[in-house]
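Trainee: Please take me slowly through the place where the two chains meet, and then through what lies on either side of it.

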Amino acid sequence: MKTNLRKQRFLNGELTQQQTADLAGVSRQTIAAIERGDYSPSVKLALILAKKLGSTVDGLFELEESDL
Amino acid sequence: MIKRDPIFYSALGIFALGLIAAAFQQNWAIVLLVGAYLLRPALNVLNLAGKYEDERQNQIHSRSGNIGFLVLIIGIVALIVVRTSRGEPGDELYGLLFVGLAARALSGLLMVGEPRTAGTVILISIGLLYLLFNAAEGLTLESLMNSTPGWAILILGLLSRKFPRPIALIVIALSLFLFYFFGLYKSEQIVVTLLLFVPLVVSAGCLWYRRRLDPEPAG
């Protein structure tokens with residue numbers, strides 16, 4: 001799964017990982033793991049992140065060919 | 001990375017108390033020390049961590065907990081083998097092993113979210129295990145007499161599919177009878193209480209519980 005979370009953070013006033021984590025109510029490590037592609041967030045967290053960053057889940061995450 | 005939130009400071013406080021208790025050579029110091037270590041995973045698993053809960057951390061706790069459980073079970077089995085080879089009794093270790101496995105099975109059944117099915121499965125499992133352990137003692141008149149509660153629980157389990165609520169009441173009555181008959185309130189009976197009384201009460205609760213989406217028994 002490809003993630004645009006890092007890009008969306010920068011589009012939102014260059015938010016740090018910690019600030020994004022505080023917005024979503026998770027740890028900084030969770031945000032870092034999502035950005036690295038090591039962790040796939042739950043639907044709930046994906047929706048929260050999308051809402052807090054003024055984006056959509058589709059805008060934040062994309063399936064890659066290898067996922068299908 | 002250590003997450004510094006109220007749960008961290010609570011655990012730190014409990015740990016400090018444990019150290020003080022250990023310094024005064026109090027046996028219960030170990031409870032506080034282990035409690036401090038398990039505070040966050042316990043709050044997470046019980047959904048009590050609230051806003052301090054982190055889904056990835058939960059996943060890590062769950063996976064590491066599974067590994068810990070597996071290692072613990074392997075360790076207990078290894079100890080039983082060692083003790084048995086030395087001709088020493090391993091009753092307490094067997095008790096610990098079965099309590100761990102039963103707790104895992106019971107919580108797994110409850111997490112499926114179909115309480116009435118879980119109640120029936122729990123009752124049938126207790127009945128079958130009771131009969132199995134009794135049969136292991138040999139086929140004597142005494143063991144046949146002792147197997148009566150096992151048969152009773154098994155039959156109740158089979159009937160609970162059709163009559164969940166009446167069976168729930170009978171199971172509660174049977175549990176209370178066993179509680180007093182076997183003296184399960186005594187501390188030396190803790191393993192029997194955990195393996196027999198607690199699952200019976202849980203199964204009765206499951207059978208009594210009625211969810212709107214649960215299919216009603218026919219007839």
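**The interface and its surroundings**

Mentor: Where chain B meets chain A, four residue pairs, both members at pLDDT 80 or more, are in polar contact (N or O atoms within 3.5 Å, where within protein one must be able to donate a hydrogen and the other to accept it, and residues adjacent in sequence count only through side-chain atoms on both sides). The model is predicted, with local features requiring pLDDT of at least 70 and side-chain atom pairs pLDDT 80 or more, while totals for chains, interfaces and linings use all residues. Residues are numbered from 1 along each chain, chains are lettered from A and ligands numbered from 1 as written, and side-chain values use heavy atoms without hydrogens or water.

Across this interface the rule finds zero salt bridges, a salt bridge being a side-chain nitrogen of Lys or Arg within 4 Å of a carboxyl oxygen of Asp or Glu. Eight residues of chain B contact twelve of chain A, with heavy atoms within 4.5 Å, and the buried area is about 740 Å², 42% of it from carbon and sulfur atoms (accessible area to a 1.4 Å probe, lost on joining and summed over both parts).

Over all chains there are four salt bridges. One of them joins the side chains of Glu35(A) and Arg6(A) at 3.9 Å, N to O; because Glu35(A) lies in helix 3 (28–36) and Arg6(A) in helix 1 (5–11) of chain A, the pair ties together parts 29 residues apart in sequence. Helix 2 (17–24) of chain A holds Gln17(A), whose side chain makes a polar contact of 3.0 Å with that of Arg28(A). Beyond neighbours within four places in sequence, Gln17(A) also contacts residues including Arg9(A), Ile31(A) and Glu35(A).

Chain B has nine helices and zero strands, taken as DSSP runs (H or I, at least four residues; E, at least two). Helix 4 of chain B gives the largest share, nine residues, and the lining divides into 26 nonpolar, five polar and two charged residues.

Methods:
Ala, Val, Leu, Ile, Met, Phe, Trp, Tyr, Cys and Pro count as nonpolar, Asp, Glu, Lys and Arg as charged, and the others, Gly among them, as polar. Buried area is the accessible area (1.4 Å probe) that two parts lose on being put together, summed over both.
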